[in-house]
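Reader: Hi! I have a model open and would like to talk through its geometry with you. Could you take a look?

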Amino acid sequence: QVRLVESGGGLVQAGGSLRLSCAASGIIFSINAMGWYRQAPGKQRELVASITRDGSTNYADSVKGRFTISRDNAKPTVYLQMNSLKPEDTAVYSCKIQTIDVFSREYNYWGQGTQVTVSS
């Protein structure tokens, strides 16, 4: 079983920064993509950023230039550095990883979510 533990959320003023971490543990043969999603009250969950095994990244237009996703395959952990935060970034942020087993079957795992609140 794979377990994801997130950390780094909290309350910050507009213009501030936060760094989210998501550490994976358990029996993992290989990790493919890793990503961060968020869900604000009354809204659907949306992709914030993702990163492939070879380091290719993808960002939502709303966070481009402000957020940076990175990963450490040795740990394995995915990070989200969030700068110039805005009140509209307030949401529950969840990480997701896609693993592959020895038979090349894919599995998706989610973290429990961490609250990010940006005050104006």
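Author: Happy to! One definition before we start: two strands pair if DSSP finds at least two bridges between them. Also keep in mind that this is a predicted model.

Reader: Good to know. In what order do the four strands of the open sheet come?

Author: The order is 1-3-8-7, and the pairing is antiparallel. Strand 1 and strand 7 (67-72) stand at the edges with a single partner strand each, so one side of each is left without a neighbour in the sheet. From one strand to the next, the twist averages 15 degrees.

Reader: How many bridges hold strand 1 and strand 3 together?

Author: Six bridges, with strand 1 and strand 3 (residues 18-26) running in the antiparallel sense. Glu6 has Cys22 in strand 3 as its bridge partner. On to strand 8 (residues 77-82): six bridges join it to strand 3, again antiparallel. Arg19 stands opposite Gln81 there.

Reader: You mentioned Cys22. What does the disulfide join it to?

Author: To Cys95, with an S to S distance of 2.0 Å. The structure holds one disulfide. The pair links distant parts of the chain, since Cys22 is in strand 3 and Cys95 in strand 9, 73 residues apart.

Reader: And the handedness? Are the two cysteines buried or exposed?

Author: The link of Cys22 and Cys95 is right-handed, with 50 degrees about the S-S bond. Both Cys22 and Cys95 are buried.

Reader: Nice. Switching to charges: how many salt bridges does a search of the whole structure find?

Author: Five salt bridges. Let me begin with Arg38, which forms one with Glu46, where the closest N and O atoms are 2.7 Å apart. Arg38 counts as buried because its relative accessibility is 6%, under the 20% limit. Glu46 is partly exposed, with a relative accessible area of 34%.

Reader: What else does Arg38 meet in a salt bridge?

Author: Asp89, at 3.0 Å from N to O. That pair links distant parts of the chain: Arg38 is in strand 4 (residues 30-39), Asp89 is in the loop between strand 8 and strand 9, and they are 51 residues apart. Asp89 is buried, as is Arg38. Salt bridges with shared partners join Arg38, Glu46, Arg66 and Asp89 into one network.

Reader: Which residue does Asp61 meet in a salt bridge?

Author: Lys64, at 3.1 Å from N to O. Asp61 has 64% relative accessibility, so it counts as exposed, the cut-off being over 50%.

Reader: Now the backbone, before I set up anything. Which residues does a cis peptide bond join?

Author: Lys75 and Pro76, with omega at about -25 degrees. Pro76 has its place in the loop between strand 7 and strand 8.

Reader: What is phi of Ser84, and where does Ser84 lie?

Author: Phi of Ser84 is near 50 degrees, a positive value in a residue other than glycine. Ser84 lies in the loop between strand 8 and strand 9 (91-100). Its relative accessible area is 42%, so Ser84 is partly exposed.

Reader: And what about phi of Ser104?

Author: That angle is near 65 degrees, again a positive value in a residue other than glycine. You will find Ser104 in the loop between strand 9 and strand 10 (106-110). Ser104 counts as exposed because its relative accessibility is 57%.

Reader: Great, thanks for the tour!

Methods:
Residues numbered from 1 in each chain as written. Predicted model: local features only at pLDDT ≥ 70, side-chain atom pairs only at ≥ 80, totals over all residues. Heavy atoms only, no water. Helix = DSSP H or I, 4+ residues; strand = E, 2+ residues; numbered from the N terminus. Axes fitted to C-alpha atoms, helices over the stretch in contact; angles between N-to-C directions. Buried < 20%, exposed > 50% of the residue type's maximum accessible area, 1.4 Å probe, protein only. Salt bridge = Lys/Arg side-chain N within 4 Å of Asp/Glu carboxyl O. Disulfide = S-S within 2.5 Å.
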